[in-house]
Amino acid sequence: NALLGNEDEDLRGEDRESGKLFTLKTFPWVTAALIASNLAYFIILAVKGDPLDGEFMVQMGACYAPAVIKGHEYWRLLTAMFMHFGPAHLMSNMMYLVLVGYRLEKMQGHIRFLLLYFLSGLTASLVSVLFYWFTKTDAVCAGASGAVYGLIGAMLVLTIRNRDRTA
């Protein structure tokens with residue numbers, strides 16, 4: 001059972017009879033790659049400067065409404081998804097990615113999961129930029145929170161939709 005089933009069954013997936021913890025098909029490689037990418041970018045940021053400094057983060061690719069809208073730097077919508085304001089920000093997002101990512105990736109498949117992550121993150125970045133643009137406030141936005149909350153929302157929808165099949 002994918003949502004509330006036996007924990008051994010969840011970990012071993014379709015190959016539970018063989019006793020293997022993961023197979024190439026069941027290993028959450030997209031979740032692992034996303035975590036590795038976020039960690040790697042944070043290390044780069046920490047080596048080059050101060051991830052708590054907003055100006056530095058803008059220089060490194062964080063979302064900043066004037067840069068995105070006036071400067072046409074749309075790539076910031078993507079790069080901001082892999083930037084974090086300090087280790088606590090990074091760790092909280094990665095913790096939720098681990099908790100939701102493995103199960104959702106198993107339920108939806110690698111490609112759908114990856115598309116959901118990027119669609120959620122890009123949408124969150126865009127909404128953030130538009131909010132700051134229309135309210136005429138300057139703010140620097142970064143983090144995987146939008147993508148992670150999108151995954152949590154997808155998990156909630158799947159749980160509600162499959163509620164009769166989890167008992």
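**Helices, burial and contacts**

Student: Which word describes how H7 and H8 lie relative to each other?

Tutor: The axes of H7 and helix H8 (residues 145-161) cross at roughly 125° and come within 7 Å. Axes here are lines fitted to C-alpha atoms, for helices over the stretch in contact, and angles run from 0 to 180 degrees between N-to-C directions. Under 35 degrees counts as roughly parallel, over 145 as roughly antiparallel, 65 to 115 as roughly perpendicular, and the rest as oblique. H7 and H8 are therefore oblique.

Student: What kind of model is this?

Tutor: Residues are numbered from 1 along each chain as its sequence is written, and side-chain values use heavy atoms, leaving out hydrogens and water. Local features need pLDDT of at least 70, side-chain atom pairs count only at pLDDT 80 or more, and totals for chains, interfaces and linings use all residues, the model being predicted.

Student: In what order do the elements of the protein chain run from the N terminus?

Tutor: Helices (H or I, at least four residues) and strands (E, at least two) are DSSP runs, numbered from the N terminus. The protein chain has eight helices and two strands. Reading from the N terminus, you get α-α-α-β-α-α-α-α-β-α.

Student: How many nonpolar residues does the contact of H7 with H8 have?

Tutor: Contact means heavy atoms within 4.5 Å. On the H7 side you find Phe113, Leu116, Tyr117, Ser120, Gly121 and Ala124, and on the H8 side Gly146, Ala147, Gly150, Leu151 and Ala154. Ala, Val, Leu, Ile, Met, Phe, Trp, Tyr, Cys and Pro count as nonpolar, Asp, Glu, Lys and Arg as charged, and the others, Gly among them, as polar. That gives no charged residues, four polar ones, and a nonpolar count of seven.

Student: How far apart are the axes of H6 and H7?

Tutor: Helix H6 (residues 87-108) and helix H7 (residues 110-134) are oblique too, and their crossing is right-handed. Leu97, Gly101, Leu104, Glu105 and Gln108 of H6 touch His110, Arg112, Phe113, Leu116 and Tyr117 of H7. By class, five of these are nonpolar, three polar and two charged. The packing angle is about 135°, and the axes are apart by 7 Å.

Student: Which residues of H7 meet H2?

Tutor: Helix H2 (residues 29-48) crosses H7 at roughly 35°, with axes that come within 9 Å. Trp29, Val30, Thr31, Leu34 and Asn38 come from H2, and their partners in H7 are His110, Phe113, Leu114, Tyr117 and Phe118.

Student: Is leucine 90 buried or exposed?

Tutor: Leucine 90 is in helix H6, and, residues up to four places away in sequence aside, it touches Asn38, Leu39, Phe42 and His84. Buried means under 20% relative accessible area, exposed over 50%, and partly exposed in between (1.4 Å probe, protein chains only). With a relative accessible area of 3%, leucine 90 is buried.

Student: Which residues does serine 125 contact, leaving aside its neighbours within four places in sequence?

Tutor: Serine 125 is found in helix H7. At 9% relative accessibility, serine 125 is buried. Its contacts, neighbours within four places aside, are Cys63, Leu77 and Met81.

Student: What separates the C-alpha atoms of tyrosine 74 and leucine 126?

Tutor: Tyrosine 74 lies in the loop between helix H4 (65-69) and helix H5 (76-79), and at 47% relative accessibility it is partly exposed. Leucine 126 is 52 residues apart from tyrosine 74 along the chain, and the C-alpha separation is 9.2 Å.

Student: Which residue forms a salt bridge with arginine 76?

Tutor: A salt bridge is a side-chain nitrogen of Lys or Arg within 4 Å of a carboxyl oxygen of Asp or Glu, and the structure holds one. The closest N and O atoms are 2.6 Å apart, and the partner is glutamate 73.

How values were computed. Left-handed = near helix turned anticlockwise from the far one by under 90°.
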